[in-house]
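We'll go stop by stop, picking residues and looking at what surrounds them.

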Amino acid sequence: MHRIKLLIYFTVIVVSLLPFKKFNFIRWFTMSSSSHPYYKELQVATLAVKRASILTKQLSDSISQAKSGTITKEDKSPVTIGDFASQAIINNAIKLNFPYDEIVGEEDSKDLQDNSKLSSEVVSLITKVQKETSEYDDLIGTLTNEDSIFKSIDCGNSEGGSKGRFWALDPIDGTKGFLRGDQFAVCLALIDQGKVVLGVIGCPNLSQYVESNEKHHGTVGGLYSAITSQGSYYSDLFTPGFKPLNQQQRIHMSNRDSPKDLKVLEGVEKGHSSHSTQAQIKDKIGFDQNKVSTQTINLDSQVKYCLLASGQADIYLRLPIDDTYREKIWDHAAGNVLIYEAGGKVGDIYGTPLDFSKGRYLNSKGVIAGNSKIFNTVIDAVKDVLKLN
């Protein structure tokens, strides 16, 4: 009886509103209820990544400024004012909307606090991009001074794990590519009970179509999003605002398996993966040695996952440079869900799915991804070359 009364009450309200021309019932209903799981999380993540992508794109385009704002961390990796600003923006958006969620972020503010010149530059960058995207303020907030920026950056100190919800953030994935004015990505993923359930990747310098190392064309700036059980999607990164998934372009992995048709994605930096081992694996799969170089595309960052998920390539190889190296979860979480939701597979050198529930690092060696038709063949080749059988 109670449910019937509620239904009658709801019907009366709707009917009473129908005469008003400005009332759009379908839009009202969509906005009043989630059109898919993690709707608000995707909305917040999208706008935060867009704001951070605009900032980092502007900085990458003025590359001399980016280089002057670079710090070398203890592990010898570079971190820029763009990393700090991007992490501050995204962390602030998450904490404003999901205050109990933790964040596994790549940076902390210690080095920035010790450098007043760089701190001032970060404030200026954030202030500028907030003015340019002021329509996002109500949802993702603003940062107004150094202290609020430092505090926001340091919200990324979670150790992750298998319990509860946390976000994995790489504010600029592919910093060396960023400094070259080449490929980089702003990568954000939501991990719930140890499983990646949402991923958003902003690729400011990536053309929509990449055929080879030399041939890129189409719209520059792509946003790639995925939600578990909802699929993977592409949209224009620099179009203002948020589009629900049903207004984005759904993307799918390829189903190619003939070596003459396959394309392989690898990193640019030889310090991140063993290119010589990867060459042996391609040979084992059956690539023609006279043509394999034209079938290999070298790109920095998780943009490789984006091209793979959109069916423009078939295999991603990232073999460890030594037995002790372990991947960081923020380098792969968003890409991982993007590949699975596009119909592909991701694993370590044994083909075992990556486990994001063990802390800030993956407790596995290497990363292999591919379409479902070729994945097992690639893993067999990896095992053979590395003598894992």
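Begin with the aromatic rings: a search of the whole structure turns up five aromatic pairs. Here rings of Phe, Tyr and Trp (its six-membered ring) pair if their centres lie within 6.5 Å, and planes under 30 degrees apart count as stacked, over 60 as edge-to-face and the rest as tilted. Select Tyr39 and Phe242, an edge-to-face pair with 5.6 Å from centre to centre and 90° between the planes. This pair ties together distant parts of the chain, 203 residues apart: Tyr39 sits in helix 3, and Phe242 is in the loop between strand 8 and strand 9 (249–251). Helices (H or I, at least four residues) and strands (E, at least two) are DSSP runs, numbered from the N terminus.

Before you move on, a word about what you're looking at. This is a predicted model, where local features need pLDDT of at least 70 and side-chain atom pairs count only at pLDDT 80 or more, while totals for chains, interfaces and linings use all residues. Residues are numbered from 1 along each chain as its sequence is written, and side-chain values use heavy atoms, with hydrogens and water left out.

Buried means under 20% relative accessible area, exposed over 50%, and partly exposed in between (1.4 Å probe, protein chains only).

How many cavities of 30 Å³ or more does a search of the whole structure find? There is one, and the largest cavity has a volume of about 60 Å³. On a 1 Å grid over the protein atoms alone, a cavity is a set of points where a 1.4 Å probe fits but cannot get out, and lining residues have an atom within 4 Å of a point. Grid points are joined across faces, edges and corners, and a volume is the space filled by probe spheres set on the points.

Helix 3 (39–61) and strand 8 (231–236) each supply at least two lining residues.

Next stop: select Glu106, Asp170, Ile172, Asp173 and Asp331, which the unreviewed UniProt entry marks as "binding site". They are spread over 226 residues of sequence yet cluster in space, with a largest C-alpha distance of 9.9 Å. UniProt positions are given in the numbering used here, feature names are shortened, and annotations may be inferred rather than shown by experiment.

Zoom in on Asp173, in strand 4 (residues 165–173). Asp173 counts as buried because its relative accessibility is 9%. Leaving out residues up to four places away in sequence, its contacts (heavy atoms within 4.5 Å) include Phe184, Cys187, Ser301 and Asp331.

Now hop to Asp331, in the loop between strand 12 (315–318) and helix 13 (333–341). Asp331 is buried at 13% relative accessibility. Beyond residues up to four places away in sequence, Asp331 touches Asp170, Asp173, Gln302 and Tyr305.

Follow the chain into helix 13, which is mostly covered, with eight of its nine residues buried. Among them are Asn336, Leu338 and Glu341. After helix 13 comes Gly343, whose phi is positive, near 100°.

Note on methods:
On a 1 Å grid over the protein atoms alone, a cavity is a set of points where a 1.4 Å probe fits but cannot get out, and a pocket is an open set with protein on both sides within 12 Å along at least five of seven lines; lining residues have an atom within 4 Å of a point.
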